[in-house]
Amino acid sequence: MATDGTDNNHVRPVRLGMVGGGKDAFIGAVHRIAARIDGHFDLVAGALSSTPQKALESGRALGLKEDRIYGSFADMAKREARLKDGIEAVAIVTPNHMHYPVAKEFLKRGIHVICDKPLTSTLSDAKKLVKAAESSDALFFLTHNYTGYPMVRQARELVANGDLGKIRVVQVEYAQDWLSVDVHNKQADWRTDPARTGIGGSTGDIGTHAFNLASFITGLTAESLAADLQSFVPGRKVDDNAHVMLRFDGGARGMLWCSQVAPGNENNLKIRVYGEKGGLEWHQEDPNYLRFTPFGEPQRLITRGGAGMSAALASTTRVPPGHPEGYLEGFANLYTEAADAIRAHRNGKSTTSLVPGIEDGLAGEQFIDACVRSSARNSAWVKLDH
């Protein structure tokens with residue numbers, strides 16, 4: 001405690017490490033930006049590539065000290081756990097097949113994990129990772145970043161407050177076009193390789209985002225689904241398009257479409273939710289606006305930071321309305337809330353958080369598994385393996 005009464009243990013940045021995310025990587029840079037936006041993390045160590053020379057070059061480029069740049073995640077976990085000023089949390093930004101072994105290594109040493117989605121590359125690994133997290137004192141966060149958008153939180157609050165009444169219909173879609181041809185680059189190669197990405201292609205990469213968003217906003221649990229998966233590009237070994245019908249607890253019905261072969265779509269994530277008393281609609285590519293329509297009344301447009309936005313969500317937005325916020329700020333909200341939880345954990349306390357966790361990740365893997373099983377049975381209805 002400082003002489004002025006300030007709790008320095010609470011305010012000092014969380015010491016962060018990163019596995020993956022080296023030179024030429026995409027999502028690692030996004031995580032680093034998000035961690036810096038609100039100043040709650042300090043990146044001090046990294047195993048940024050499985051290639052030692054690339055790991056060294058990437059660490060130097062980020063200004064890491066030479067002795068905190070590692071050639072393997074195992075060496076990093078062992079040494080950092082022994083250091084007095086070792087990392088408190090690790091961000092995992094590797095291809096999917098590495099999420100389980102990396103997370104397990106840090107969890108068993110009491111280091112908090114911030115993992116990119118999906119949770120793992122297989123349902124089997126996901127179940128083992130759940131057990132590892134339950135056996136550890138460390139916290140686990142999963143970066144389904146769209147849950148950090150203010151208007152997504154506003155939609156969730158409208159549903160929770162009963163403004164839509166009992167939910168009847170959920171329609172969600174995530175369409176992209178970047179894999180419409182047999183493209184080969186670093187991102188495309190691992191995302192279309194079942195050995196690294198898992199059995200789901202578009203279902204795992206973007207379908208899990210859509211599935212998670214539907215559950216996050218509505219609070220509903222999908223009980224069964226019927227899926228029709230395609231691999232339209234010749235030779236592709238994972239799906240690049242999927243149409244999925246969903247049955248939720250409580251009787252609601254849903255439709256989910258995810259595609260990476262839809263020309264004209266970049267990151268076109270949309271959700272529509274309809275209940276007995278009203279409906280709402282949100283578009284990720286225009287994220288600062290939420291459309292809410294009480295039945296029999298004119299449509300209302302709720303703007304981020306504007307009139308009608310819940311006062312409880314003020315901390316999720318940083319600039320006045322009309323100045324766009326989106327992808328990076330949504331990620332930053334998850335990192336800031338993870339930092340709050342980690343600081344509470346330092347002091348032997350707990351805190352509630354809307355950041356997705358290990359159970360959300362398991363649900364995503366169950367979704368992928370059920371989609372593949374259903375499609376293999378001519379789109380038969382199958383239960384999710386809860």
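**Cavities**

Task: Give the volume of the largest cavity, then name its lining residues and sort them by class.

Solution: The largest cavity has a volume of about 50 Å³. The model is predicted: local features need pLDDT of at least 70, side-chain atom pairs count only at pLDDT 80 or more, and totals for chains, interfaces and linings use all residues. Residues are numbered from 1 along each chain as its sequence is written, and side-chain values use heavy atoms, with hydrogens and water left out.

On a 1 Å grid over the protein atoms alone, a cavity is a set of points where a 1.4 Å probe fits but cannot get out, a pocket is an open set with protein on both sides within 12 Å along at least five of seven lines, and lining residues have an atom within 4 Å of a point. Points are joined across faces, edges and corners, and the volume is the space filled by probe spheres set on them.

The lining consists of Tyr 149, Pro 150, Met 151, Pro 287, Asn 288, Arg 304, Glu 325, Gly 326 and Gly 330. Sorted by class, these are 4 nonpolar, 3 polar and 2 charged residues. Here Ala, Val, Leu, Ile, Met, Phe, Trp, Tyr, Cys and Pro count as nonpolar, Asp, Glu, Lys and Arg as charged, and the others, Gly among them, as polar.

Task: How many cavities of 30 Å³ or more are there, and what lines the second largest cavity?

Solution: The count is 2. The second largest cavity holds about 30 Å³. Its lining is made up of Asn 96, Pro 118, Thr 120, Ser 121, Thr 197, Gly 198, Ile 199, Gly 200, Gly 204, Glu 365 and Ile 368. By class this gives 3 nonpolar, 7 polar and 1 charged.

Pro 118 sits in the loop between S4 and H6. Helices (H or I, at least four residues) and strands (E, at least two) are DSSP runs, numbered from the N terminus.

**The second largest pocket**

Task: Find the volume of the second largest pocket and the element with the largest share of its lining.

Solution: The volume is about 330 Å³. Of 18 lining residues, those closest to the centre are Asn 212, Ser 215, Phe 216, Leu 220 and Asp 360. Two elements, H10 and helix H12 (358-376), each give two or more residues. The largest share, 4 residues, belongs to H10. The lining divides into 8 nonpolar, 8 polar and 2 charged residues.

**Helix packing and burial**

Task: Classify the packing of H7 on H10 and list the residues that meet.

Solution: Helix H7 (residues 150-160) packs on helix H10 (residues 202-218) at about 45°, with the axes 7 Å apart. H7 is therefore oblique to H10. Axes are lines fitted to C-alpha atoms, for helices over the stretch in contact, and angles run from 0 to 180 degrees between N-to-C directions. Under 35 degrees counts as roughly parallel, over 145 as roughly antiparallel, 65 to 115 as roughly perpendicular and the rest as oblique.

From H7, Val 152, Arg 153, Ala 155, Arg 156 and Val 159 meet Leu 213, Phe 216, Ile 217 and Thr 218 of H10. These contact residues comprise 6 nonpolar, 1 polar and 2 charged.

Solution: Thr 203 belongs to helix H10. With a relative accessible area of 0%, Thr 203 is buried (buried is under 20%, exposed over 50%, partly exposed in between; 1.4 Å probe, protein chains only). Beyond four places in sequence, Thr 203 is in contact (heavy atoms within 4.5 Å) with Thr 208, Leu 229, Asp 239, Ala 242, Cys 258, Phe 367, Ile 368 and Cys 371.

**Positive phi**

Task: Where do Asp 24 and Ser 379 lie, and how accessible is each?

Solution: Most residues other than glycine have a negative phi. Asp 24 has phi near 75° and lies in the loop between S1 and helix H2 (27-37). At 61% relative accessible area, Asp 24 is exposed. Ser 379 has phi near 65° and lies in the loop between H12 and S14. At 24%, Ser 379 is partly exposed.
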